[in-house]
Amino acid sequence: MSTKPASVGRSTARALPSQTPARRTSKKPRPQAVRSADTRRRLVDAAVACLSRYGYSATTVSVVARQAKVSRGAMTHQYPAKSDLMVAVVEAVYEADGEQYRRSVEAIPSREWMRELPTIMWDVISRPSGIAVMEIMLASRSDRELADKLRSVQRGIDVHAHQWVIERLESAGLKDRPDGDAVHRLFVAAIRGLALEGLFRRDKVGIEKSVAVLKEIICHLYPGIGFPEKP
């Protein structure tokens, strides 16, 4: 039996419409807000990596843009000045740190959590993101614009972080000390100092001993949480 060209034409014509929806369901462009959020996230992540690896002075906007694979124009559209990006880094790191603290709270009882708080703080602050924040804080000494922006943000972070510790104390059936704000700042400063020392001394055993002393101190300051059992 011979093949009829006319029937082939009709068969092909019937097949063509079924191919059209595939072209219509091609990937749609993401909304501008989503693209902007993605760009900001990439820039913040790149800034953290550069700050922890190279330090503040070497973390130029060009270096960050190249690390993030973002054009300079796109970067300045999101963060007009380097100080704006640095403040965004501090805010983003604080949010990520908060998530790690929340996970630690879910893992152990409240009083044990308070006893282990210096160790938990060390695990958070000694990360590359924590080092990046310290680089920014140190740089603000000689950058008035950065200092002014950072001071306002850091003040809010300190208040929120201390309130969160108060809530942890209350969940353990305890009250904060009258000088609790000063205690909180002291422990943060101590852990940050150990993290800075760790960058050049690389003395893991020494740092662990110092963190253990801080754990003993917090038990003295808040006797209600109890002392850990001696091995």
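## Cysteines

Let's start with Cys-50, which counts as buried at 0% relative accessibility; buried means under 20% relative accessible area, exposed over 50%, and partly exposed in between, using a 1.4 Å probe and protein chains only. Cys-219 is buried too, with a relative accessible area of 1%. A disulfide is a covalent bond between the sulfur atoms of two cysteines. How many disulfides does the count come to? The count is zero, taking a disulfide as a pair of cysteine sulfur atoms within 2.5 Å.

A word on what you are looking at: this is a predicted model, where local features need pLDDT of at least 70 and side-chain atom pairs count only at pLDDT 80 or more, while totals for chains, interfaces and linings use all residues. Residues are numbered from 1 along each chain as its sequence is written, and side-chain values use heavy atoms, with hydrogens and water left out.

## The chain as a whole

The protein chain has 10 helices and zero strands. Helices (H or I, at least four residues) and strands (E, at least two) are DSSP runs, numbered from the N terminus. Following the sequence along, the pattern reads α-α-α-α-α-α-α-α-α-α.

Of the chain's 231 residues, 36% count as buried. The accessible surface comes to about 14,400 Å², and carbon and sulfur atoms hold 56% of that; such areas come from the Shrake-Rupley method with a 1.4 Å probe, and for residues only the protein chains shown count as cover. As for contacts (heavy atoms within 4.5 Å), take those in the chain with a separation of 6 or more: 67% of them are between residues 24 or more positions apart.

## The largest pocket

Rolling a probe the size of a water molecule over the atoms shows where empty space is left. The search here runs on a 1 Å grid over the protein atoms alone: a cavity is a set of points where a 1.4 Å probe fits but cannot get out, and a pocket is an open set with protein on both sides within 12 Å along at least five of seven lines. Lining residues have an atom within 4 Å of a point. Grid points are joined across faces, edges and corners, and a volume is the space filled by probe spheres set on the points.

The largest pocket has a volume of about 1,000 Å³. It is lined by 44 residues, and the closest to its centre are Ile-157, Asp-158, Ala-161, His-184 and Val-188. Helices α5, α6, α7 (128–139), α8 and α9 each supply at least two lining residues, with the largest share, 13 residues, coming from α8. By class, this lining has 26 nonpolar, eight polar and 10 charged residues. Here Ala, Val, Leu, Ile, Met, Phe, Trp, Tyr, Cys and Pro count as nonpolar, Asp, Glu, Lys and Arg as charged, and the others, Gly among them, as polar.

His-184 sits in helix α9 (residues 180–201). Is it buried or exposed? With a relative accessible area of 16%, His-184 is buried. Neighbours within four places in sequence aside, His-184 is in contact with Asp-158, Ala-161, His-162 and Val-165. Its C-alpha atom is 10.0 Å from that of Ile-166, 18 residues apart along the chain.

Ser-83 belongs to helix α5 (residues 82–107) and counts as buried at 4% relative accessibility. Beyond four places in sequence, Ser-83 is in contact with Glu-145, Leu-146 and Lys-149.

## The cavity and its surroundings

The count comes to one cavity of 30 Å³ or more, and about 30 Å³ of space lies in the largest cavity. Its lining is made up of Val-105, Ile-108, Pro-109, Ser-110, Trp-113, Arg-168 and Ser-171. Sorted by class, the lining has four nonpolar, two polar and one charged.

Arg-168 is found in helix α8 and counts as buried at 16% relative accessibility. Not counting residues up to four places away in sequence, Arg-168 touches Val-105, Ser-110, Trp-113 and Met-114.

Met-114 is in helix α6 and is buried, at 1% relative accessibility. With residues up to four places away set aside, Met-114 touches Val-165, Arg-168, Leu-169, Ile-218 and Ile-225. The C-alpha atoms of Met-114 and Leu-169 are separated by 7.5 Å, though the two are 55 residues apart along the chain.
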